[in-house]
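The following exercises ask the reader to work from a structure to its description. Please inspect the sequence and the model before reading each solution.

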Amino acid sequence: MTKGAAGGGMAKQSTARLSQSARSVERALALHREGLLDEANRLYADVLAGDPHHFDALHLSGMLSHQQGRSADALRMIGAALKAKPGAADARMNYGVILLALERHEEALASFDQVLTLRGGDAVLYYNRGNALKSLDRNEEALASFDRALALAPDLAAAHHNRGS
């Protein structure tokens, strides 16, 4: 076998593994959305066993961990995903949400501010940012964030509630 043929075979194996990983993550996400968390978690773990740096499996497994009340594990998983893909705004947003849950408000605010620079703001981002600011007793800034969230999504009930309390 020539060197070129061996390299081509390895490329095909790598592509096949990527395709299998993508299919497994899609299936895991479908199970995750259906509330079948243990089954989804097993598929995410299978993907990570083959590729410990798989961004989607790390990110989504982290979100599943957070849903199950394992926020410290979730933070570690999503942190690893962000090392693989630092500019991933959705993962950065979820990282901030988990930091908020862990009452690490300064870090959460920094994470939300990074999302602003990565993709700009949406109502949920400004709502979460407002919660971080409120927890830091930066009330005027929190009100401004809640107002921005409401300007973007006037029916966002949680922003109305947190703005008023």
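**Exercise 1: A residue in a loop**

D51 is found in the loop between α2 (37-50) and α3 (55-67); helices are DSSP runs of H or I with at least four residues, strands are runs of E with at least two, and both are numbered from the N terminus. The model is predicted, so local features need pLDDT of at least 70 and side-chain atom pairs count only at pLDDT 80 or more, while totals for chains, interfaces and linings use all residues. Residues are numbered from 1 along each chain as its sequence is written, and side-chain values use heavy atoms, leaving out hydrogens and water.

Task: Determine how accessible D51 is and how far its C-alpha atom lies from that of S21.

Solution. Step 1: the relative accessibility of D51 is 26%. Step 2: buried means under 20% relative accessible area, exposed over 50%, and partly exposed in between (1.4 Å probe, protein chains only). Step 3: D51 therefore counts as partly exposed. Step 4: the C-alpha atoms of D51 and S21 are separated by 8.5 Å, although the two residues are 30 apart along the chain.

**Exercise 2: The chain as a whole**

Task: State how many helices and strands the protein chain has, and what share of its residues is buried.

Solution. Step 1: the protein chain holds nine helices and zero strands. Step 2: its pattern along the sequence is α-α-α-α-α-α-α-α-α. Step 3: of the 165 residues, 39% are buried.

**Exercise 3: Two helix pairs**

Task: Describe how α6 (residues 105-119) packs against α7 (residues 123-135), then describe α2 with α3.

Solution. Step 1: the axes of α6 and α7 come within 9 Å and cross at roughly 150°. Axes are lines fitted to C-alpha atoms, for helices over the stretch in contact, with angles from 0 to 180 degrees between N-to-C directions. Step 2: α6 is therefore roughly antiparallel to α7 (under 35 degrees is roughly parallel, over 145 roughly antiparallel, 65 to 115 roughly perpendicular, the rest oblique). Step 3: residues of α6 including F112 and L116 meet residues of α7 including L125 and L133, where contact means heavy atoms within 4.5 Å. Step 4: the residues of this contact of α6 with α7 divide into nine nonpolar, three polar and two charged (Ala, Val, Leu, Ile, Met, Phe, Trp, Tyr, Cys and Pro are nonpolar; Asp, Glu, Lys and Arg are charged; the others, Gly among them, are polar).

Step 5: α2 and α3 pack at an angle of about 150°, with their axes 10 Å apart. Step 6: the contact of α2 with α3 has nine nonpolar, three polar and no charged residues.

**Exercise 4: An aromatic pair**

Task: Which residues form the aromatic pair, and how is the pair classified?

Solution. Step 1: a search of the whole structure finds one aromatic pair. Step 2: Y127 and F146 form this pair, with 6.2 Å centre to centre and 45° between the planes, and it is tilted. Rings of Phe, Tyr and Trp (its six-membered ring) pair if their centres lie within 6.5 Å; planes under 30 degrees apart are stacked, over 60 edge-to-face, and the rest tilted. Step 3: Y127 lies in helix α7 and F146 in helix α8 (residues 139-152), 19 residues apart. Step 4: Y127 is buried at 18% relative accessible area, and F146 is buried at 1%.
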